[in-house]
Amino acid sequence: MYFRHSYAPERGCIEMKRSMQSLFKALGWQRYKTTFGTSPFRTKTYITIRKLMKTKIFAALLLLFTLPGFATRDNLPLNIVFIGNSITHGAMLHNAGQDAPPVKCAAWLESQEGIGKVEIENQGYNGASTFDFLPETGNLFDRVQAAADRLARKNGMLIFSLMLGTNDSAEEGTTGAPVSAEQYRKNVEQIVLRLLERYPSARIVLHRPLWYSPNTYNGAKYLVAGQKRLLSYTPQIEAVVASFAITHPNRVFIGDTSAYDDLKEHALTDYAAEEGKAGVFYLHPNERGGSKLARYWGEAILKAIQQ
């Protein structure tokens, strides 16, 4: 297709012509030529900008120019610290280095419009509860801080993605178990507050912990009582977010709340079957369930950074 500049005084003709030329290059349309006056190639079809503005082609191009994301802009790099337990770590996966939820979450986010490179730190530890991450214990929080410091030096938005509660809900066998709903809230608040004090521009996303079967009993004892306790943590997460919305607006967000029901409904296909002291139980997502969880996390993180 060829274009001939119209000398009519319509405002923006030249800019529109250049914009369309850039569009054609981006689309790989190589057969274009900008000329002035009459071309010797009589067999070619010429369209002036004036005529084009009267056609449906122009309307379509104008719509394309105004679509979100069409305008050239830098993609936003993300630096995410994933805080969690064995589920975050990728337990029961054949290759946690490639298939752990944080890794797949990063890959999904990088595929989204407007998102650039996503750097992650997987701070998921087997058997960890909120007590293990309390700043004053000098235990896992120091590792989280070191990981966050590494990412904070990079270009991009710093994000903390936190999913804890499974091991808090146990009857016995984990740090602090059993952890009451009130204590769970206090622990999460302390962790979040310290993160905000050190990284005031960061965003923190709090996810609902996942379902597990009522006969879960491995090195730690969960069972029905643990499952009921786990459910009591959800309103506490909401309360934490509501509290920080007042003291630290636009910094702490509700994360995923859907994976719990989804993976529960598809437990036989989305969890690894594990032999325990009370029979076969379901606690850790398999590759399929982990991929689902990763996407749920990604959607929640994407929503948080857009607010």
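Glycine 84 stands opposite methionine 163 in E6. This comes from a predicted model.

User: Which way do E4 and E6 pair, parallel or antiparallel?
Analyst: They pair in the parallel sense, over seven bridges.

User: How many bridges join E6 to E7?
Analyst: Four, and the two strands run parallel. Strand E7 covers residues 203-206.

User: What do E6, H8 and E7 make together?
Analyst: A right-handed β-α-β unit, in which helix H8 spans residues 181-198.

User: Which E6 residues point which way?
Analyst: Met157, Ile159, Ser161 and Met163 point one way, while Leu158, Phe160 and Leu162 point the other way. Residues on both sides are buried. In general, side chains in a regular strand alternate between the two faces of the sheet.

User: New topic, asparagine 79. Where is it?
Analyst: Asparagine 79 lies in strand E4, which covers residues 76-84.

User: Buried or exposed?
Analyst: Asparagine 79 is buried, because its relative accessible area is 1%, and the cut-off for buried is under 20%.

User: What is asparagine 79 in contact with, leaving aside its neighbours within four places in sequence?
Analyst: Its contacts are Glu119, Leu151, Lys154, Asn155, Gly156, Met157, Leu158 and Ile159. Among them, Met157, Leu158 and Ile159 belong to E6.

Notes:
Residues numbered from 1 in each chain as written. Predicted model: local features only at pLDDT ≥ 70, side-chain atom pairs only at ≥ 80, totals over all residues. Heavy atoms only, no water. Buried < 20%, exposed > 50% of the residue type's maximum accessible area, 1.4 Å probe, protein only. Contact = heavy atoms within 4.5 Å. Pairing = 2+ DSSP bridges. Right-handed = clockwise from strand over helix to strand, strands pointing away.
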